[in-house]
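Student: I would like to go through this model one question at a time. Please show it first.

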Number of protein chains: 6
Amino acid sequence: MIKDTDRTLDPNEVRFFSGSSHPQLASDIARYLGVELAETKTSRFSNDNLYIQLGASVRSRIVYILQSLTQPVNDNLVELLMMIDIARSASAKEVHAIIPYFSFARSDKKDAPRISITARLIADLLKTAGATHVMSMVLHSPQVHGFFSIPADPLSSRPVFSSYFSQKDLANAIIVAPDMGQAKSAAKFAKEMNLPVAAGNKERVSDTKVIINGVIGNSLKGLKRALIYDDEIATGGSVIELSRILIEEGIQDIWVACTHGVFVHDGLQKLVDIPQISEIVTTDTVYLPPEKQHPKLTTLSVAPVFGEAIKKNYFHESIGELFFYGS
Amino acid sequence: MIKDTDRTLDPNEVRFFSGSSHPQLASDIARYLGVELAETKTSRFSNDNLYIQLGASVRSRIVYILQSLTQPVNDNLVELLMMIDIARSASAKEVHAIIPYFSFARSDKKDAPRISITARLIADLLKTAGATHVMSMVLHSPQVHGFFSIPADPLSSRPVFSSYFSQKDLANAIIVAPDMGQAKSAAKFAKEMNLPVAAGNKERVSDTKVIINGVIGNSLKGLKRALIYDDEIATGGSVIELSRILIEEGIQDIWVACTHGVFVHDGLQKLVDIPQISEIVTTDTVYLPPEKQHPKLTTLSVAPVFGEAIKKNYFHESIGELFFYGS
Amino acid sequence: MIKDTDRTLDPNEVRFFSGSSHPQLASDIARYLGVELAETKTSRFSNDNLYIQLGASVRSRIVYILQSLTQPVNDNLVELLMMIDIARSASAKEVHAIIPYFSFARSDKKDAPRISITARLIADLLKTAGATHVMSMVLHSPQVHGFFSIPADPLSSRPVFSSYFSQKDLANAIIVAPDMGQAKSAAKFAKEMNLPVAAGNKERVSDTKVIINGVIGNSLKGLKRALIYDDEIATGGSVIELSRILIEEGIQDIWVACTHGVFVHDGLQKLVDIPQISEIVTTDTVYLPPEKQHPKLTTLSVAPVFGEAIKKNYFHESIGELFFYGS
Amino acid sequence: MIKDTDRTLDPNEVRFFSGSSHPQLASDIARYLGVELAETKTSRFSNDNLYIQLGASVRSRIVYILQSLTQPVNDNLVELLMMIDIARSASAKEVHAIIPYFSFARSDKKDAPRISITARLIADLLKTAGATHVMSMVLHSPQVHGFFSIPADPLSSRPVFSSYFSQKDLANAIIVAPDMGQAKSAAKFAKEMNLPVAAGNKERVSDTKVIINGVIGNSLKGLKRALIYDDEIATGGSVIELSRILIEEGIQDIWVACTHGVFVHDGLQKLVDIPQISEIVTTDTVYLPPEKQHPKLTTLSVAPVFGEAIKKNYFHESIGELFFYGS
Amino acid sequence: MIKDTDRTLDPNEVRFFSGSSHPQLASDIARYLGVELAETKTSRFSNDNLYIQLGASVRSRIVYILQSLTQPVNDNLVELLMMIDIARSASAKEVHAIIPYFSFARSDKKDAPRISITARLIADLLKTAGATHVMSMVLHSPQVHGFFSIPADPLSSRPVFSSYFSQKDLANAIIVAPDMGQAKSAAKFAKEMNLPVAAGNKERVSDTKVIINGVIGNSLKGLKRALIYDDEIATGGSVIELSRILIEEGIQDIWVACTHGVFVHDGLQKLVDIPQISEIVTTDTVYLPPEKQHPKLTTLSVAPVFGEAIKKNYFHESIGELFFYGS
Amino acid sequence: MIKDTDRTLDPNEVRFFSGSSHPQLASDIARYLGVELAETKTSRFSNDNLYIQLGASVRSRIVYILQSLTQPVNDNLVELLMMIDIARSASAKEVHAIIPYFSFARSDKKDAPRISITARLIADLLKTAGATHVMSMVLHSPQVHGFFSIPADPLSSRPVFSSYFSQKDLANAIIVAPDMGQAKSAAKFAKEMNLPVAAGNKERVSDTKVIINGVIGNSLKGLKRALIYDDEIATGGSVIELSRILIEEGIQDIWVACTHGVFVHDGLQKLVDIPQISEIVTTDTVYLPPEKQHPKLTTLSVAPVFGEAIKKNYFHESIGELFFYGS
C-alpha cells in the first residue's frame, strides 16, 4: 500500500467534520491528512428534529464530512444532509461527502413493481443538499457509481486485505467468493495473491436466508485452507452456508474477509462458533462497538486508503490505484 | 365548517397512500374523499435500510401520500421521500405530499453561526424526490411557505377550533397567546369568537425552558376563564408558565388549545396536573397513542379540513377559506 | 401473452413517429395501437448536419418516437434527440422515447480509469432534449434503469419467447445461459417453461473474444437438446464457445434465443454453420436487413409487447406483467 | 467595530462595479477594500430597454456588484440582473451581489390569496441571472435568508449604531422597538448598550397607517430619554405614533435609529417637526439625496461593515461577528 | 384571415389576466376567446415595491397573462414576472405569457464587449418565474426564438397587413424594406401581395441615427407609390431617411406599415409632417395613448391573431399559418 | 496579430485532449500553449458504441478538449460529449470545449414548422455533458452566442486574414461579400484593410442552389481585383455565382477567403477551375485531407488565435480583441 506521510493538507484551507456514525474513523483520517477534526455539535429539539452546529468556520474552505450510512441509517443520512447543507450555505468552496459504507447501494434496481431504486434517490439528495463530490468504498454493484451526477470515487478495500494476508502462510489456500456476484472481485484478489479461486453457487431465498449448493471454479481437491472473500456481512447467512460446504469438501481452516462488517443479530456469534473459522477479518468502514469485539475478529483500518485518496485529490493526482473498478 | 359529502374523487384516477406515522388520519381523509387507502408495505433490510413497496398501480394517476413528520422524524422523512420517489418513477401524474405536521418549520432561520435552515433543505429534498405539491397545516412561521419551490398549501386549523369552542359557554372568557409570535393568530381567532385577546410576554431560555413575565393586551380583570391558544405543545413549558401567571391574575378555569400535540417527556401529565386546566384540546395532526390519552384531553380531527382542501384542489376550486394566512 | 385488440388510442390525441433505424417496427406498433405512423422527413445539409421535419402537428399531443440505437448508432442517437427536441419545443404534451435496443446500456460502469458511464450520459441527454418518458427492452444490467431521472420502463422479451417455445417439443431440453450474468434471467425463463437450467462459466478476454470452461448448474447428463438463452448476440463468440462445450457434453440439438440480434461481422454465418444449431430465434428490436435473413433464423416481433405497454400506459394501467425485473 | 486597514484585496483578481442606485456607497466600500470602482455605462434604447456595458474585463475574476433595491426599484432590479448576467457570461469566476437594502424582504409571506412571496421570486431571479453569493443587511424577517438557494450573508447594522451611541450620554435612557416584530432586535441592542428595553404594541391598519396602544416591557417610569430602534422608516407612521405615546408617558428626549432610511412622502419632515425628537440616526444603505438632508438627521456609513465582510469572505475568514442573526 | 367565432374556451378551465401595459388588447383577446378578463389589482408599497393580487382563483387552471414589454419596460417586466409567479405558486396548471411586443429581442447578440444578451436573460427569467409557454409577435430576429427553453410561439403580423392592404389600389406600387435585415420579410409580404420589392441600403450610426444611401432590388422606375414595411418604428429615423430617398427617386405617395408602433420623442410627428406620407399603418401590440392618435395613423388590431393562436393551442391544433417563420 | 511566446500554461494544472476530427490543429494549439497533447484512445464496441479513454489524469485540472464538428458530424459530436463527460465525472476543475467549426450554428431559427433549432439543442447537450466553457470561431449568426447558458467565446478569424492579405498588393481591389448576411463582416474587414466593399444580392433557392443578381455597395467600376469574403464554403455555389457576376463587371483577378473550408462534393474543383480565381484562402478550422490540397489553395492556421484566447483566459485577461462581435 502507498503511504504518504510527508505531505499534509493546508489546515487553513481545509475543514474535516465527522457525523455521529463513526468519529473514530474520521479522527484517524484527519490525522493521516495532518489536520484537526473540527467539532460538530448535535442535539435534538423536543419535537425530535436534529439541531446541528458545525464548530469551525467553513467560508471558502474545502470541507470534508465523514458519515458511514450505518444503523440508525435514517438518522445518519439526515444528519449528513444537514451537515452538507450547512457547509454549502455557509459558503464552503467544496463539500466532500466521505461515505465509507454507502449501505443504500443494495437498492440498485427495480426487481419488483413500485419499489424505489433508493441508491439513486440518495445520490440525488446528496447533490441537492450541496455535496460537490462523494467518496465511498466497495459499492455493492459497480453500476451504482453511475447514479451520481456529481463526481464520485468509489475506493477499493483490496489493498488493505492484500497487505494483511500477504504476511500469512498461504500455502494450499484458495480464495472463495460466496456467490457469482462477488466472483469477479475474488478473482482479482486471487490473482494479486497468486492463489486459485472458486465461488459458491448461491441462491437467495429472502433478505436473511440463502442456499448454497456447491462450489464452482478451481477445484478444492487437496486444499486445506480457504479465504472467503465478501463485500458485506450482515446476518452471516451466506458465509455460514458456504463454510458448511467447504468443510464438507475437506477444508480444515477458514479465514473470512469482508469489507463492510455490518454484523447484525447474532451473525458474528454464529460465525465465531464455527470451529474451522479461525479468523474473521473486516475493516472499519462500519463502526464496531466494544461489545462486538471478539478474539477471532481482526479489524483493518481503511483510514490510510481514504486518507491517501483525499490527499491525492487535494494535490490533483490520479487516484486510479485506489479506485474500485468493480472490485 | 364547510362539508362536502356529495362529491367524491374518481377512484380510478386517484391513489391515497399512508406512511407509517399516522395511518388513522390517512384512513379518515381517504374516507372523506370517497376513495380507499391503498396498501404500503414497509420493512427493513438487515443493514437497517428501508424497503418500501406501494401496493397499487400509480401509473398516470394522481397520488396522495400522507406522512406527519413526527417522532421518529428521520425515519418518517426518509420513508416519505422514498414513497414520493416510487410514485414519481412509476409514472404518477401528480404526487401530493400531505404533511399535517411539518415539524422542520421551526428551523426557519439562522440565529447562530453554521446551523441549517433545515425547513428549506427539507422543502428542496421533497422536490428532488418528486413531489409536485405539498399540503401542510399551521406552519410555525408563515415565511416557511416561501421555502417551497413547488406549489404549497399551508392550511389553517382555526375552523376546527372555532367550530368546537363555539358550542361552549364563552362568557367572561379571553383568548391568550403564550407569546407575541402567536399573538396575531390568537387575535384572529378571538375576533372570530368575538372575545378579547392577550399574550404572554415570553422569553425563551433554551429549547425546553422559557420564562413568562406578565400578560399584555386586553386586561384580565374580572375574567374567570382563559383559552390558551398555541400552535404546538411539546414539553408544555410555556403553557405551564402562562397558566401560573393567569391563575395569579385571577383566572379560575383554563382551556388549552393547540394544533400540534407533540407532548413529549411528561409534558401532558404536567398540564393535566394543574387543577385549573379543565380541558386540553388538540388535533390529530400528530398521532396520539393510547397511552397518551387522558380524560382531560380532547382530540379534534383535521381530516375534514385536509379532505376538503384536497377535494377543492381536485375539482379546481379555490381553497382560500381553508388557507393559513399566518393563522 | 396479453393481447388487447378492442381498444385503440385516440388518433386526435396521439402522434407516432419513427426515426430512421427501424420504420417497420414503428409501423407495426402504430398499427397495434390503431393509429397512423406520421411522416418524418430527414435529410442532410451539405455540412453533414441533419435536417429533420416532423410531418404532423404535435401541439398539446402525446407523442411517441421510436428509435432503436443500432448501427449507425451516433446518427440514430442525434436523430432521436432532434426529434424529441422538435416535439417538445412545438408544445407536445408528453414525449415518449421508445428505444427497443438501448445499446449504450453496456457502458454501465467504470471498470477502467477515465472512461465514460455512457448509459448515464445518454439518459441525461434524452432528458435535456425533452423526453418525458422512456420505454426500452431487456437492459444489459437492471441497474441501468436507475440512470434515468425521468420515468423509464424497461420491458421484458420473455413473453415473446415463452409463447414461441411453448409450442415446441421440449422433452429432454435444458435452458443454458452463456454466462452467470444471464443466469438469473435464464432461470426465470426455465421456471416458466418448467425446464432445468445451467450456465456457461465464461471469461471475457476482450470485446470480441471470450473463453467458456464448462457449464454449471443442472447436469446435462442424458439431455439431448439445449436452448441457449441470451440478451444480445453481436459477434456470436460466446454462443459458439458455449455450443462447443454443449456438444462435447452430448447435446445434439441446439436452439439459440436472444432478444437483441445485433449480428455483426460474420457472426450469424458462424452460428448457422454449426450443424447442431438447428434454429436461431431473435426479435425485431434490431432491424434485420434482407441480406441477413437465413432459413435457420426466426424473428419474433416485439411490436405486441411495446404496443401493449404503450396502451396500458395510455389507459393508466399497470404494466407490471410486461416489466423487466432484471429479466 | 472591527477595522482592518492593513490588508487590501488583490486589484488584479477583483472587480467592483456599482449600479445606478448608490454610487457613493459603492465607492466608499471599494476604497475600504483598496480597489478601484470600475466603470458601468448605462443608457436606454429608444424603446426604453436598458443598455449596460461593464467598463473592465471580468474574465476569471471575483466580481462585486453593488445595488440597493431602492426607488425606482424595478429599474434598479433589472439593472442589477443585467449586470450579473454580463459578469457571468463574460466568464467571471464569482459574482457577488451586494444589496444593502433588499426591499423585497417585506413580501415574505402569503397573507392574502393569490399574492406573490416576491422576496423568494427575486432570490430565484438573482440566481438565474448568475449571482453566486448575496450580501445584504438587516432583512425584514430573518426567515428571508432561507429564500436564497445560493449562499447569502445578511449583515447586521448593530455595530454601526452601538459604536455611535456609546459615545452619547445614555443615563436614564431606554431602547424602544416600535412593535413586537422588532422587539428581539431591540433587546439585543439594549443588552449590548446595557440599557432597559420596551416595545410598542402596534397594530397595522394598512401599508401606511398603524395604531400603537401602549408600550410593553420595562417600565418608562422615571426615564427621560428614549431611543426608538427600527429596521426601516418609510412614511414614519409607526415612529410618530410611538413618539406620541412616549411623550405622554413622560419621555422628554427622543432619538430615532433606523437602518434603512427610506423616508417617502413627507415622512422625514413629520419626524423632525416633533420637538422632542432631537436626532434621527440612519445609515446609508439607502441613498439620501441632498434635498432630504436635515440638521436633525445623522447618516452613519455601513461601508466599513460591508467592506469588512467582503474582506473576510475574500480571505476565507468567518464573518460571524458581522452577521445578522435576526438582529 | 382565419376567423373562428363558433368555438370558445371553457370559462371554468381558463383565466385571462392583464398587466398594466395594455388592458385594451387583453380585453379584446379575451372577448375573442369568449372568456372574461379577470381582475388584477396592482399598487405600490411605500418602498416602491409592487403589490399585486390576482382577482380570481387559478387553481389547476390554464392561465393567460398579457403584458406588452413597452415603456416603462422594467415596471412592466417585473409586474409580469410577479403575475406569473403568483399563478404558478397558486397551482395553475399552465401559465402562458402573452407578450405582443417583446422589446428585449433587439438585445440579441454581443456586438461589444461586456454587454448583455438581454433577450436570453429575460427568456430565462420568465421560465424561472414559472411561465410554461410564451407567445409573442414579430421578433426582431428569428434566432431569438432559440433563446427560450420553454415552448415559444412567435406570431406573424403579415395576415393583418395583407388583409388591410389588399383592399387598396396597389397599381404601380412597390414594397420597400428600410434595410436588408427586413428585406426577407418584405419580400414574403410582396409575394403575397403580388408586388415588386426593394430595400434601403442602411447603415446605423447610433441607436437613434441612421444613413440610407440608395435602394436595392426591383427598380423604382415608373412607380408612383411605395409601401415601407418595417417591424418597429421608434424615433422614425430610418423611415424618414428612406422616404427622402424614395421621393428623390420619383415616388409620390408613401404608405408606412410597421408592426410595433413605439413612436418615441416626436417620431410620429416627423413622419406625418412629410406630405408624401399619406398613411401610417401600425398594430396595437404597443398601446397608443389618445395623445398619439393622428388622422394619418391607422391602427390594426392583432387581437384576432393572438386570439386565434390561443384558441388553436387550446384545441390542440397547429398554429403554423399564424407562425412567424422569420416574417 | 498578438503573439505571446513568453508565457506558457502550467503543464501540471492543464490537460489538452483532441477528438478524432482534427488532431493536427489540437497539436498546434497545444504547442502554442507550451503543453503536451494528452492521448485519447477511441474504439468501437461490436454494437457500434464508442469506447473512449482519456490517457492522462484530469483530477482537479483545467481540461481543454478540441473537436471540430465536421463530417462525420454525429460521430464527432457524440465523441465530444463523451470526452466532456469523462473529464467532468473524473473531477476535472474546468472543462473547456474548443469547437473551431460549430457547424450546427446554421440551424439557428425555425423557418419551417416542426423543425429543430438544433444549435440551441447542441448548446444544451454540451452543458449537460459537463462543459463549463465553450470556445468557437465565426458563428453563422451572432445570435447563436445567446443559445449557450455557459460562458461562450466565439472568436474572429479576421486577424488571420488581415495579417495574410496585408502582405499582398491591394491596389485597385475591393472586398465583396457573397450576400447581405456577410456584408457587415466584410465591411469591417474592408475598413481594416482600407478597401472599398460590396455585396452580392443573393437569393437562396435550396441548401445547395443560390442565385445572385448583381452587386450592391461600392461600384466595381475601374477595379480589377476582388476579394470574396465569406464565413463558410461547402458546395461553393454562392462563390461561383458571385464570380460570374464579378467577371461580367470587369474583375480580372479574384481571391476567395473563407473561414470554414467545408468543400463538399466537387465544390473546391469547380472553384479552382475558374481561371480568374487565382487563390482560395481558408483556415484550418475544418481538417483538410491531403486529397483536397491544391496549388491554388492556401490554408492559414487559427492555432495562434485559439492559443492566444486560451492563454488570455488562463491568465485572466480580456480576449476582446480576438472576439467575434458579429465578425
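Student: How many residues of domain 1 of chain A are in contact with domain 2 of chain A?
Tutor: This is a predicted model, in which local features need pLDDT of at least 70, side-chain atom pairs count only at pLDDT 80 or more, and totals for chains, interfaces and linings use all residues. Residues are numbered from 1 along each chain as written, chains are lettered from A and ligands numbered from 1 in the order written, and side-chain values use heavy atoms, with hydrogens and water left out. Chain A is divided into domain 1 (14-157 + 303-322) and domain 2 (158-300), with bounds from an automatic or database domain assignment. Counting contacts as heavy atoms within 4.5 Å, domain 2 of chain A contributes 15 residues, and the number from domain 1 of chain A is 15.

Student: How far apart are the closest N and O atoms of the salt bridge between Glu232(A) and Arg106(A)?
Tutor: A salt bridge needs a side-chain nitrogen of Lys or Arg within 4 Å of a carboxyl oxygen of Asp or Glu. The count between domain 1 and domain 2 of chain A is one. For Glu232(A) and Arg106(A), the closest N and O atoms are apart by 3.3 Å.

Student: How many salt bridges does the rule find across the interface of chain A and chain B?
Tutor: Here 52 residues of chain A are in contact with 52 residues of chain B. The area buried between the two chains is about 4,000 Å², and carbon and sulfur atoms give 56% of that. In chain A, the residues losing the most area to chain B are Ser46(A), Asn74(A) and Arg114(A), together 18% of what that side buries. The number of salt bridges across this interface is zero.

Student: What kind of axis relates chain A and chain C?
Tutor: The copies are superposed by least squares on the C-alpha atoms of residues with pLDDT of at least 70 in both. A rotation of 180 degrees with 0.0 Å of shift along its axis places chain A on chain C, at an RMSD of 0.0 Å. The two copies are therefore related as by a two-fold rotation axis.

How values were computed
Buried area is the accessible area (1.4 Å probe) that two parts lose on being put together, summed over both.
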